[in-house]
Structures are given as structure tokens and as C-alpha cells.
Amino acid sequence: VYLDWLEFEKRVSREVVYGQDDSVAVVAPEGYKSLRPEAYGAFASFIEQELIRRSVIEKTRENSAGAFLNNLAANVGHLADLPDLLLLKGFLPTRPAFIVGSGPSLTKNARDLKGLNNKALIIAAASALKPLLAEGVSPDLVLALESSDTSSYLDLTETELAVLGDNKILALSSSCHPGHFQAKGFIKAVFHLTAGAAQIFSRGDFLPQGGNCGSAGFALAYVWGMNPLVLVGQDQAYDNGKLHAAGTPGEADQKAFDSLNVNGLDGRPVETDTGLLASLGWFVEAARTIAQKGNPPRLFNCSAGGAEVPGFINMPLSTITASLPPLSDWLDLPAFLYRLPRPDRGELSADLDQLASLVGSLRRLARMDYRKAYAEVREAGKLSKFLGQILAEAAVASGRGELLASLDKADEFMTLMRSSLN
């Protein structure tokens, strides 16, 4: 029994989105529904949106699982030489952080970020980089996590490189497309999207996020202890068919094939789609979770358009930037990064050899006794988060054929990882 509505909503959200059952029944007495039809309608709509979030998350996992592992294996040679950004937790001085996305509204207020580098930390999605540079804004840190090749976001002209300047950080997901690691003009660092990848490469933490650079940048700023956290260009909605700001590589009119409406910043409905709705739901859930922590950071949405993000205070970007005083101490991110440890190649090689040997043993066992091998696969996944990740398909295999095929794929993956490292 819940007496606090927000606590009830949070629990329902977690159960609907992440619980084991994928079906939900909403039961309410007809009398209550007739007395409070708006409240019932709002709750029913909330449940429907959370079910959409679950569906999007499950489809994303299903569609990207193969690319995720292949990219991770191909990137091992880079990952062994780069610092893990999550290791900076607890070491950075607090300051405002602006998390910039490439939503259509960025065109309206990107110029208000100019000159902020001595007042705040600017964290931008790779897709927002070119629109920002066109306005003379040089972000301190740029993120890329896409499993497909979007390195055109980072392919800068000489003029753009001059605006970017020196000592800017490119934060790369360990499982992003290998093409992103070829970008020039940046100091590179990494972060991990899963506990398994973090375990094998840095013995550190993974970054909780909603599957896009906006949520990853927000999570990184929160983990680092930045305050306030300010969203810019995080529309989570279309604007006259446009999904991105002018100047974004590949930007074009795009019509949502699964269009639906949510409340906009001005109270009027705006068009979104199921993918953007899942992202919006992530930010709402993050705001609820942060609000329950001790001494939470202030959260502002300074996007100049798009969807309302409950839990964030709406404010014009120019208002908040004008209120920020210059900082007395410069945040030298590269200096902090240089002090971080890198993975030990010898230890990493030994770990990969051991895991590969275990996968090979499971393959041999599966050919002799697949039922016993199936039990061993599930047990192995409990012992190592990384092993659990690469054996995920084998752990749910139905029958000997599927088990053998999934273990063959795991073996190929381990071979690719070791080859990439060496």
C-alpha cells in the first residue's frame, strides 16, 4: 500500500519498464473512474507510455546486441590505452554543467552558450558539435556512443578545428562504432555502458544512461558531482518534421512513423515518437531518483522548444547563463585524465585468455552433454558480469542446436577480442 503518489508512480514505473512481466492490468472501481475521470485517464496514459518505453528498450537491446559485442571486440586495442571517465568520480570541483543535444531548438539559443567555458562545463552530443562550432561555441567534452558509424559528426574542417581549440575531450563508449576512434583534434577517453565491460577493462563502474548521448552526458555530469545540471537542445520532440538542429550532418525533415503527442514546454502538445518518448521517460525517471538523494543538484531545462520534462525547472538559457559568475579555478580536464590509470595490457591479456579458455570448455561440454553445459553456462554468467554478457544468448538457448550456435559466436567474439588487443 502506497500513500505517497510519487513513490507509487516510481515503483510502478520500474516494475512496468524493467520487471519480468511485460503485461499490465489497471483495475479501478467504475465509481472512482466516473468521479475522477481525468486522474484515471492520466494514470492510464502514464502506464501506456511506460509500456512503450519497455518495448523500445527491448527492441534496442535485441537489434544492437550483435553490433555492441562486435564493436567492443574491435575497440579493445584502443580501450587498453585510454582512461575511464568514471574514475574521475569524486575528484572534480563542482560547477554548472550544460548538457547539449542536437534537438531542433538548439538553432534558437546555441549562441547563448558562447563564452561560458570559464563559468561552466559544456558537455555536448557529437551530433550537436557542428551546430555549436558554427555559433562559436567550443564544448569541453563531446560524447559518442552510437553503434552505427556517425563519425561524420566528428569530421571537422580546419575552420571548425580552430574554433574547437586544443585540449578538448572526446568521450567514447567502449562499444561505439570503431570509426569514432579515428576522429582527429581530440584527447580521447572512454566510458562503459555495461557492468561487464567496466569490469574487464577498468575494474570500475559503468555509466547508466538511456541509450543516447544526451542521457549519457547528463549521467556523467551527475556522477562527477556537477551542479546545476542544465539541458539544452534536448527537445525529445519534432519541430515541423525536423529532428535535429540546422547544421547537424545528415539533418533533414523526418516524419515520425509512430507519431504521438506529449506536453510541450508551452503547455501545447508537440509531436514525438516512441524512441524519443523512451528518452523523455529516462530523464523523468532520473529526476525522480535524484530528487530522493541527499543534497541533489538543481535541474533545469533550458531547451528553447520541445517536450516538457517533469522534474526539471523550465528557464530561458539566457537567464541562467547571465546569472553565472566567472569561476576562480579553471577545470583542466586533460590534467585530471593524465593522472588516471590505464588498463594493464598484461593483466587484460591474461583475463581474456582465461575467459576464452572457459568458453572453449563450455563448447566442448555442449557437444557431449548440452544439458549439463546449459547449467554451466548459467552458472558462469553469475561468476563474471563480463562472461554473463557474452553468454547471454547461450543462457536462453532452447535446445542443443541453439546452444552450440551461441557458444560458437561467443568463441568467435573472444578470438576477435584477443586478436584486437594483440
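User: Is Arg345 buried, exposed or partly exposed?
Analyst: This is a predicted model, in which local features need pLDDT of at least 70, side-chain atom pairs count only at pLDDT 80 or more, and totals for chains, interfaces and linings use all residues. Residues are numbered from 1 along each chain as its sequence is written, and side-chain values use heavy atoms, with hydrogens and water left out. Buried means under 20% relative accessible area, exposed over 50%, and partly exposed in between (1.4 Å probe, protein chains only). Arg345 has a relative accessible area of 33%, so the class is partly exposed.

User: Which residue meets the side chain of Arg345 in a salt bridge?
Analyst: A salt bridge is a side-chain nitrogen of Lys or Arg within 4 Å of a carboxyl oxygen of Asp or Glu. For Arg345 the N to O distance is 3.1 Å, and the partner is Asp81.

User: How many residues apart in sequence are the parts that Arg345 and Asp81 tie together?
Analyst: Helices (H or I, at least four residues) and strands (E, at least two) are DSSP runs, numbered from the N terminus. Arg345 lies in helix H13 (residues 345–368), whereas Asp81 is in the loop between helix H4 (76–79) and strand E1 (97–100). The pair therefore ties together parts whose separation in sequence is 264 residues.

User: Where do Glu379 and Lys382 lie?
Analyst: Their salt bridge has its closest N and O atoms 3.9 Å apart. Glu379 is partly exposed at 39% relative accessibility, while Lys382 is exposed at 65%. The two are three residues apart, about one turn of the helix, and both lie in helix H14 (residues 370–383).

User: How many disulfides does the count come to?
Analyst: A disulfide is a pair of cysteine sulfur atoms within 2.5 Å. For Cys176, which is buried at 0% relative accessible area, the nearest cysteine sulfur is that of Cys213, 9.1 Å away. The count comes to zero.
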